[in-house]
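Student: I have a model open and want to learn how to read it. Where do I begin?

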Amino acid sequence: MDKIPQQSKIKGVSAEDSEMRPPTLNIFPSQPMHVEPSSIKGSVGLVSPATCGSKRQSDQSEPSMEMDLSNPKNDVASGTEAPIKAMKREGIRRGPTSSSEHEGPKTPDPKTLRRLAQNREAARKSRLRKKAYVQQLESSRIKLTQLEQELQRARAQGVFFGGGALLGSDQGLPVINNITPDAAVFDIEYARWLDEHHRLVSELRAAVHEHLPENELRLFVENYLAHYDQMMNLKSMVVKSDVFHLVSGMWKTPAERCFMWMGGFRPSEVIKIILNQIEPLTEQQLLGICGLQQSTQEAEEALSQGLEALNQSLSDTIASDALSCLPNMANYMGQMAIAINKLSTLEGFVRQADNLRHQTIHRLHQILTTRQAAKCFLAIAEYFHRLRALSALWLARPRQE
């Protein structure tokens with residue numbers, strides 16, 4: 001029982017002594033200086049209020065350098081302050097760049113736009129040329145394949161082209177005797193053109209019989225003329241390589257060859273045929289057709305006289321040296337060179353004759369009405385069709401022994 005008052009007395013004395021005792025400097029801090037801030041924070045709740053009070057007083061009385069060293073929060077703040085400032089400086093430096101990035105793209109000047117448009121147009125044209133070239137190669141390949149197949153088929157059947165039979169070469173490729181490759185291609189293309197010609201004539205005949213209006217009938221007439229122009233293009237290509245093939249008429253039937261004139265029909269004869277086949281003509285139309293026939297006959301006579309003069313000149317050139325003995329080689333080659341130069345003018349005569357035929361057909365189309373022109377073209381087509389039928393009947397006639 002006596003011990004308890006004594007203890008309380010001791011506690012009271014110590015409390016009074018602490019209140020009367022003057023404040024002293026806290027030279028030795030309660031926590032070590034090297035302790036981490038997390039440990040300090042974690043130990044805050046374990047410090048007594050008296051200790052906290054004395055700690056605040058000691059902190060206020062210590063020098064500034066000791067306060068900085070003893071306070072870990074200042075260390076953390078000073079450690080994070082440097083990267084924050086660096087980030088701010090970086091942001092200041094990158095500020096204008098980032099703002100310019102958010103801005104839209106600058107509009108180029110008209111010169112740049114024009115150059116870009118020219119580049120795009122040039123690229124587009126280049127692609128189109130490449131595409132057309134590829135298509136041309138593909139079509140040429142297909143035509144070549146078809147030509148080889150037809151020549152092989154003709155070789156197997158023993159068909160004759162241009163008076164020469166198909167003979168097999170050492171390489172196994174079909175070879176045509178006495179005919180050039182361009183002439184062989186022309187013969188095949190002409191056969192295809194003739195098939196398409198039959199189809200167009202049938203359509204034109206059906207349109208005429210159905211009494212279609214003028215505007216609808218005009219389409220069939222224009223198709224017929226366009227198809228005829230294709231034939232002129234085919235002949236213009238082969239006349240460069242083998243004009244003799246056109247003049248000889250081996251691409252025509254035997255009956256057609258009897259009426260050929262410079263690789264085709266006589267325009268004046270066609271005009272005579274159609275005069276009695278179309279509807280009654282007006283006076284103006286009759287005058288136009290008669291004038292066309294007269295001018296056509298004059299052109300035909302001029303071309304015929306020129307061709308006769310060419311033939312005579314060639315004959316004189318070849319027979320200028322003695323024919324009964326072997327010629328001198330130098331003189332012989334000189335004569336052949338002169339003859340070849342004269343013979344090259346034959347292409348010009350054939351071209352002029354084709355132009356005359358082409359102009360005659362188109363001139364008739366201009367003079368006549370649409371319905372009259374349709375009947376005119378049907379009459380011409382039927383005339384040549386009967387000539388081809390006559391040839392077929394002649395070849396199929398029974399032979400007498």
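This is a predicted model: local features need pLDDT of at least 70, side-chain atom pairs count only at pLDDT 80 or more; totals for chains, interfaces and linings use all residues.

Student: How many salt bridges does the structure hold?

Tutor: Start with the general idea. Side chains of opposite charge can pair when their charged atoms come close. The structure holds 13 salt bridges. In one of them, R192 pairs with E189, with the closest N and O atoms 3.2 Å apart. Both residues lie in helix α7, three residues apart, about one turn of the helix.

Student: Is E189 buried or exposed?

Tutor: Buried means under 20% relative accessible area. E189 has 19%, so it counts as buried. R192 has 28%, so R192 is partly exposed.

Student: Which residues are linked in a network of salt bridges?

Tutor: E196, R199 and E203 are linked that way.

Student: Why does the length of helix α8 agree with its residue count?

Tutor: The expected span is 1.5 Å times one less than the number of residues. Helix α8 covers residues 214–241, 28 residues, so it should span 40 Å. Its end C-alpha atoms are 42 Å apart, which agrees. The buried residues of α8, among them L217, Y224 and K235, pack against α7, α9, α14 and α15.

Student: Where is E300, and what does its side chain join?

Tutor: E300 sits in helix α12, residues 283–318. At 3% relative accessibility, E300 is buried. Its side chain makes a polar contact of 3.4 Å with the side chain of R266. Beyond neighbours within four places in sequence, E300 also contacts residues including W261 and L356.

Notes
Residues are numbered from 1 along each chain as its sequence is written. Side-chain values use heavy atoms; hydrogens and water are left out. Helices (H or I, at least four residues) and strands (E, at least two) are DSSP runs, numbered from the N terminus. Buried means under 20% relative accessible area, exposed over 50%, partly exposed in between (1.4 Å probe, protein chains only). A polar contact is a pair of N or O atoms within 3.5 Å; within protein, one must be able to donate a hydrogen and the other to accept it, and residues adjacent in sequence count only if both atoms are side-chain atoms. Contact means heavy atoms within 4.5 Å. A salt bridge is a side-chain nitrogen of Lys or Arg within 4 Å of a carboxyl oxygen of Asp or Glu.
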